[in-house]
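Please open the structure in your viewer and keep the selection tool at hand. The tour moves from one selection to the next.

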Amino acid sequence: EKLGVVHNWADETALTLPAADRAALGMGDGFTLVYGGNLGRMQALGTALEAMERLQQRGGTACLVIVGDGIDRVALEVEAAQRELRNVRFVGRVPQ
């Protein structure tokens with residue numbers, strides 16, 4: 001058998017959010033999950049909100065940052081508010 005290695009192509013230093021930006025988003029120093037893209041029905045981001053609710057209930061400290069816009073953005077924001085998710089942030093669309 002052969003074993004292949006796929007190296008991470010991303011520059012991890014470019015993915016680090018400065019402390020001031022984390023503070024502005026109300027984020028701590030914990031693990032951060034980021035979704036970037038369209039906020040539509042096909043992305044099924046309600047599942048992510050459900051997972052973040054379970055994590056919050058269990059005392060987890062991870063935070064989900066949702067970057068993007070789409071037809072379901074308002075509905076997702078309402079759902080996050082109804083679930084009282086303190087560990088989810090919506091950033092909206094950002095320029096490329």
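How many residues apart in helix H3 are Glu77 and Arg73? Being four residues apart, Glu77 and Arg73 are separated by about one helical turn. Before continuing, note that this is a predicted model, in which local features need pLDDT of at least 70, side-chain atom pairs count only at pLDDT 80 or more, and totals for chains, interfaces and linings use all residues. Residues are numbered from 1 along each chain as its sequence is written, and side-chain values use heavy atoms, with hydrogens and water left out.

**First selection: Glu77 and Arg73**

Display the side chains of Glu77 and Arg73, which meet in a salt bridge (3.0 Å, N to O). A salt bridge is a side-chain nitrogen of Lys or Arg within 4 Å of a carboxyl oxygen of Asp or Glu. Glu77 is partly exposed, at 28% relative accessibility; buried means under 20% relative accessible area, exposed over 50%, and partly exposed in between (1.4 Å probe, protein chains only). Helices (H or I, at least four residues) and strands (E, at least two) are DSSP runs, numbered from the N terminus.

**Next selection: helix H2**

Select residues 45-57, which form helix H2. Arg54 and Glu50 both lie here, four residues apart, and their side chains form a salt bridge of 3.0 Å, N to O. Arg54 is partly exposed, with a relative accessible area of 45%, and Glu50 is partly exposed at 33%.

**Next selection: Arg83**

Arg83 lies in the loop between helix H3 (73-82) and strand E3 (88-92), whereas Glu53 is in helix H2, so the pair ties together parts that are 30 residues apart in sequence. In the whole structure, a search finds four salt bridges.

Select the three strands of the open sheet, which has the order E1-E2-E3 and parallel pairing. Two strands pair if DSSP finds at least two bridges between them. The edge strands, E1 (32-36) and E3, each pair on one side only. Strand E2 (residues 63-67) is joined to E3 by four bridges; Val67 has Gly92 in E3 as its bridge partner. Finally, show H2 again: H2 packs on the sheet and touches E1, E2 and E3, where contact means heavy atoms within 4.5 Å.

Definitions and conventions. Axes fitted to C-alpha atoms, helices over the stretch in contact; angles between N-to-C directions.
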